[in-house]
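Here's a quick briefing to read with the structure open beside you. Take it topic by topic, and find each spot as you go.

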Amino acid sequence: MPRLALIGLALALTLPAFAQEAPPADPAATPPEVQVPVGAVQRPAPPPPPARKFDPMPVALLQGLDKVTARTSTFEAKVGEPVAFGQLTILVKACQKASPIDPPESAAFLDAQEKRADGSVAPVFQGWMFASSPALSAMEHPVYDVWVKDCKKSDSKARSSSKQ
């Protein structure tokens, strides 16, 4: 007998033995999402992560880059008050910081608009920016980059780390 025929005969003889070992599952008795394969270890689901608590802050610390001059500026913006950076007008609508017992994170909701040469205003960015992940929700503009550094309780007297 050829070798391949022997392997096929051996498989044919052993398959019925495997089918008899596992009891037939009764679909009516157990819902399909609860059925566990034979021999699998069932572990309890991990607990859900605790909800993070964010505290609202009145001031956002932002950093901007002018790609033409390669100058960076760090500036503060009060929530609800527009601030200018180059040709952009940035309005911080919310700024929240994680509580001290949570991993550090600051997030701000920004609305950025560009004042064009013809006097019109064009929207550039609207959404949440996160200090720990600036690329997650980045503002795409050919001349300017703006990102959130932190959220603070009060503003300081210094407005910029470099001149614009």
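Which residue's side chain meets that of glutamate 76 in a salt bridge? The partner is lysine 152, with N to O at 2.4 Å. Before going on, note that this is a predicted model, where local features need pLDDT of at least 70 and side-chain atom pairs count only at pLDDT 80 or more, while totals for chains, interfaces and linings use all residues. Residues are numbered from 1 along each chain as its sequence is written, and side-chain values use heavy atoms, with hydrogens and water left out.

**Salt bridges**

- A salt bridge here is a side-chain nitrogen of Lys or Arg within 4 Å of a carboxyl oxygen of Asp or Glu, and by that rule the count is six.
- Strands are DSSP runs of E, at least two residues long, numbered from the N terminus.
- Glutamate 76 counts as buried, at 4% relative accessibility. The labels work like this: buried is under 20% relative accessible area, exposed is over 50%, and partly exposed is in between (1.4 Å probe, protein chains only).
- Lysine 97 forms a salt bridge with aspartate 150, and their closest N and O atoms are 3.2 Å apart. This pair also links distant parts of the chain: lysine 97 is in strand S5 and aspartate 150 in strand S8, 53 residues apart.
- Lysine 97 is partly exposed, with a relative accessible area of 28%.
- Glutamate 114 has a salt bridge to arginine 116, with the closest N and O atoms 4.0 Å apart. Glutamate 114 is buried at 18%, whereas arginine 116 is partly exposed at 45%.

**The disulfide**

- A disulfide is a covalent bond between the sulfur atoms of two cysteines. With the cut-off used here (sulfur atoms within 2.5 Å), the count is one.
- Cysteine 95 and cysteine 151 are the two ends, with S to S at 1.8 Å. Cysteine 95 is in strand S5 (residues 88-98) and cysteine 151 in strand S8 (residues 144-152), 56 residues apart.
- The link is left-handed, with -95° about the S-S bond, and both cysteines are buried.

**The sheet**

- Look for an open sheet of three strands in the order S3-S2-S8, paired antiparallel. Two strands pair if DSSP finds at least two bridges between them.
- Strand S3 (71-78) and S8 are the edge strands, each pairing on one side only.
- Strand S2 (residues 59-66) and S8 pair over eight bridges, and aspartate 66 stands opposite tyrosine 144 in S8.

**The nonpolar core**

- A nonpolar core is a set of buried Ala, Val, Leu, Ile, Met, Phe, Trp, Tyr and Cys residues joined through side-chain atoms within 4.5 Å. The largest one has 21 residues, and those touching the most other members are Leu62, Phe85, Leu88, Ile90, Val92, Leu110 and Met139.
- Elements giving two or more residues to this core include S2, strand S4 (83-85) and strand S7 (121-130).
- Leaving aside neighbours within four places in sequence, leucine 62 is in contact (heavy atoms within 4.5 Å) with residues including Phe75, Ile90, Leu110 and Trp147.

- Most residues other than glycine have a negative phi. Alanine 70, though, has a positive phi, near 60°.
- Alanine 70 lies in the loop between S2 and S3, and it is exposed, at 60% relative accessible area.

Terms used: Helices (H or I, at least four residues) and strands (E, at least two) are DSSP runs, numbered from the N terminus.
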